Amino acid sequence: MHSGISILFAGQNFSRLLGGLWISAKISIVSLVIGIALGILLGALRTVKNPILRVILRLYLEFFRIVPTVVLLFLFYYILPKNFNVNLNAQAVAMLVFALWVGAEMSDIVRGALISVPQHQCEAGIAIGLNGPQLFRYVLLPQAIGLMIPATINLMTRVIKTTSLLLLISVMDVINIGQQIIEANRQTHPDGAFWVYGLIFILYFLLCYPLSAWARHLERQQDNNA
Amino acid sequence: MKKHTRLIAAFLAVVTLFGLFAGFAQPAQAAETTSVSAIKKRGTIKIAVFGDLPPYGWVDKNGKRQGYDIALAKQVGKDLGVKVKYVQVNADSRVDALNSNKVDLVLANFTVTPERKQVISFAKPYMKVSIGVISPKSKPITKVSQLKGKNLIVNKGTTAEQYFTKDSKGATLQKYDSKTQQFNALKNGRAAALADDNSYLYAWVKDNPKYTVGIKHLGPNQYIAPGIKKGNKSLLKWTNKEITKLNNNGFFDKNYTNNLKPYFGSDVTAKDIVIK
């Protein structure tokens, strides 16, 4: 009886797992880029004093924050196509749901950061004749970014880890491939699960750790600048 | 107080949003997009399969799909003259995958049940399973009457548990939570026999040659059949014809030999699984 570690390197297994990891990473990256851009826009709009706009954006935020990601994925993958006849493939659904979710969470992070910029900074900007968008671009955003970074990077790692739910909508992500390998070898290597999940743990760590290291680096830079 | 009112308002709004989704729920469009002519025009058939259930649907170390269901899927694609696109599903998403047009056909060890029949259609079955009973080769139990006054092991939540709970045939039931526990209990001599789905037992006995599937079939047969979206008459008709044809030309016997026999060992023959 060989140790279950051998199944990691049998045939194409290792490159299949890496392929699955790439799917997870690709979905995370695309949804983060779109979601963060959307979140910055919506976050800025949420500081505008327009009651109707506020209610709409607040509803959007609450909907995506309260409804569990699993439910959202099912809703967009199985239920919406049935009722509206839109049929997206699984990866596109994953990117869409994650981007909308990131957009919602990000809008709250951005709003929080923007309103924490001291009021007198704004007033000073107005005094030198900046208009609304200029004020946002040159005064508020640069100062708010430092405040957003820790929460944003936390959000990024959450998105990466949440890709593990995607197997529920038939995305061939790293967890899904891992389960295929475990079950294909259940008879000959009953301890395969330990090694496969061990490797997946390391792979997720390799994706997420650089992000937290980067976050720490940026925060230190901020401290030095201050 | 005001804060509470706002919270409640927000909650109601979210509920309303959900209601909107539900409100638009019309009976799904007729299955035009998955009819045989549509599939042929598209050039691919989307088939839901398992990726983690050897020997029915699994993936080998080179990333190739293998198994009894996969062999059938390949044959279906060949006979339709189209390419096969596999969509890997879990047990509980098989019905949804059909109803949301994610797949045209489900070939994923899909057991026919009255509940499922209400929401999807099943074509002709291509496999049967039922309850089996294993016992040590030294003291084999080959008839239900032999169970009288003996201890019998079952796994909670299985059809075997349901069957013997309704009528224990004079045996004393021992119920366990997992497959591992129940097989260990049998090995430790806590009972004279163990009852479970026969397809599991065949595979287990192969690895544990001191035991034998003394009773191969018990209770009503359960059938495994292709799942098709309700209302998709053309594909249902085509699949029924296909299963009949494959039955007659010995495809399933060959499929049994290639995919199931290596797992089930010599205790079992194609006749125990394949439907004639």
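1. A residue is buried if 20 or more other C-beta atoms, placed from the backbone, lie within 10 Å of its own. In a regular strand, side chains alternate between the two faces of the sheet.

2. The model is predicted: local features need pLDDT of at least 70 and side-chain atom pairs count only at pLDDT 80 or more, while totals for chains, interfaces and linings use all residues. Residues are numbered from 1 along each chain as its sequence is written, and chains are lettered from A and ligands numbered from 1 in the order in which they are written.

3. Strand β1 (residues 44–49) of chain B pairs with β5(B) in the parallel sense over 6 bridges; pairing requires at least two DSSP bridges. Within this pair, B:Lys46 stands opposite B:Lys85 of β5(B).

4. Chain B contains 10 helices and 13 strands, which are DSSP runs (helices H or I, at least four residues; strands E, at least two) numbered from the N terminus. Of its 276 residues, 42% are buried.

5. An automatic or database assignment gives the domain bounds: chain B has domain 1 (31–126 + 225–272) and domain 2 (130–222). The centres of these domains of chain B, taken over C-alpha atoms, are 29 Å apart.

6. Contact between the domains of chain B involves 7 residues of domain 1 and 8 residues of domain 2, counting residues whose C-beta atoms, placed from the backbone, lie within 7 Å.

How values were computed:
Contact = placed C-beta atoms within 7 Å. Buried ≥ 20, exposed ≤ 12 C-beta atoms within 10 Å, placed from the backbone.
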